[in-house]
Amino acid sequence: MKKGFLLFLALLLVQLSQGQSAVDFPKNWLGHWEGELSWYSGNSNSPKKVKMQLNIQPADTLGHYTWQLIYGEQSEDNRPYILKPVDASKGHWVIDERNGIVLDQYWTGPVFSGAFSVQGSTIINNYKLEKDRLIVEFFSLQTKAVRQSGNGTQESPLVDSYAVRSFQKAILKRKKK
């Protein structure tokens, strides 16, 4: 691909993300979302199924919101995070795990995304609101490249490939606002 096209695409995505975040987020996302998470690991065709919830509500601090993820029953795996704006006009937010870990999230077109690495895995997360559904996806990649190819030239740059360890997808429906 040409560098000019990539620059154009990046600028277009920034424009789209700014409009989406300013207009729809997080006010149109508020509520109690529930559904089932399908977790595919390795080359398995049968996913592990887990009940998933996401609660998004205004928090005690102005401009902050709860971002409470629950897997299984509330007592099993309850993650009461806080969503905070860094620069909402540019689509930059953070999810504060309230234990010293802060994960940066960004608007890219219609998708609220983030990526982080922990203990040998890189996790990429995507959240997308589609009408009455919140689509949630997580990809887990091995942090260390499994292969490097290419000749290291402009025509054939070095390219690292990574092992995809798992894929998770949930379709959540809003139960109450």
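Predicted model: local features only at pLDDT ≥ 70, side-chain atom pairs only at ≥ 80, totals over all residues.
**Exercise 1. The fold**

Work out how many helices and strands the protein chain has, and in which pattern they follow along the sequence.

*Solution.* Start with the tally: the secondary structure comes to 1 helix and 12 strands. Next, read along the sequence, where the pattern is α-β-β-β-β-β-β-β-β-β-β-β-β. Then turn to burial: buried residues make up 34% of the 177 residues in the chain. Finally, look at the contacts between residues at least 6 apart in sequence: 38% of them join residues at least 24 apart.

**Exercise 2. An aromatic pair**

Find the rings of Tyr40 and Phe167 and decide whether the pair is stacked or edge-to-face.

*Solution.* A pair of aromatic rings is described by the distance of the centres and the angle of the planes. Ring centres must lie within 6.5 Å to pair, and planes under 30 degrees apart count as stacked. By this rule the count for the model comes to 13 aromatic pairs. For Tyr40 and Phe167, the centres are 6.4 Å apart and the planes stand at 25°, so this pair is stacked. Now place the two residues: Tyr40 belongs to strand 1 (residues 31-41) and Phe167 to strand 12 (residues 164-176), so the pair links distant parts of the chain, 127 residues apart.

**Exercise 3. Buried or exposed?**

*Solution.* You need two cut-offs: under 20% relative accessible area is buried, and over 50% is exposed.

- Val94 is found in strand 5 (residues 92-96). Beyond its neighbours within four places in sequence, Val94 is in contact with residues including Ile82, Leu83, Val102 and Leu103. Val94 and Leu83 are 11 residues apart in sequence, with their C-alpha atoms 5.8 Å apart.
- Gln168 is found in strand 12. Not counting residues up to four places away in sequence, Gln168 touches Leu37, Ser38, Trp39, Val136, Glu137 and Phe138.
- Lys90 is found in the loop between strand 4 and strand 5. Lys90 and Tyr106 are 16 residues apart in sequence and 8.4 Å apart, C-alpha to C-alpha.

**Exercise 4. The core around Tyr127**

Identify which residues touch the most other members of the largest nonpolar core, and follow Tyr127 from there.

*Solution.* The largest nonpolar core has 26 residues, of which Trp29, Met52, Leu54, Trp67, Phe112 and Tyr127 touch the most other members. Strands that each supply at least two residues of this core include strand 2 (48-56), strand 3 (65-71) and strand 8 (121-130). Now pick out Tyr127: leaving aside residues up to four places away in sequence, its contacts include Trp29, Leu54, Trp67, Phe112 and Phe138. Tyr127 is also in one aromatic cluster with Phe25, Trp29, Tyr65, Trp67, Trp93, Trp107, Phe112 and Phe138.

**Exercise 5. The largest pocket**

Describe the largest pocket by its volume and its lining.

*Solution.* Begin with the volume, about 680 Å³. Then take the 28 lining residues: Tyr71, Arg79, Phe116, Ile123 and Phe138 are the closest to the pocket centre. Last, sort the lining by class, which gives 16 nonpolar, 7 polar and 5 charged residues.

Definitions and conventions
Residues numbered from 1 in each chain as written. Heavy atoms only, no water. Phe/Tyr/Trp six-rings, centres within 6.5 Å; stacked < 30°, edge-to-face > 60°. Helix = DSSP H or I, 4+ residues; strand = E, 2+ residues; numbered from the N terminus. 1 Å grid on protein atoms, 1.4 Å probe; cavity = no way out; pocket = protein on both sides within 12 Å on 5 of 7 lines; lining within 4 Å. Points joined across faces, edges and corners; volume = space filled by probe spheres on them. Nonpolar A, V, L, I, M, F, W, Y, C, P; charged D, E, K, R; others polar. Contact = heavy atoms within 4.5 Å. Core = buried A, V, L, I, M, F, W, Y, C linked by side-chain atoms within 4.5 Å. Buried < 20%, exposed > 50% of the residue type's maximum accessible area, 1.4 Å probe, protein only.
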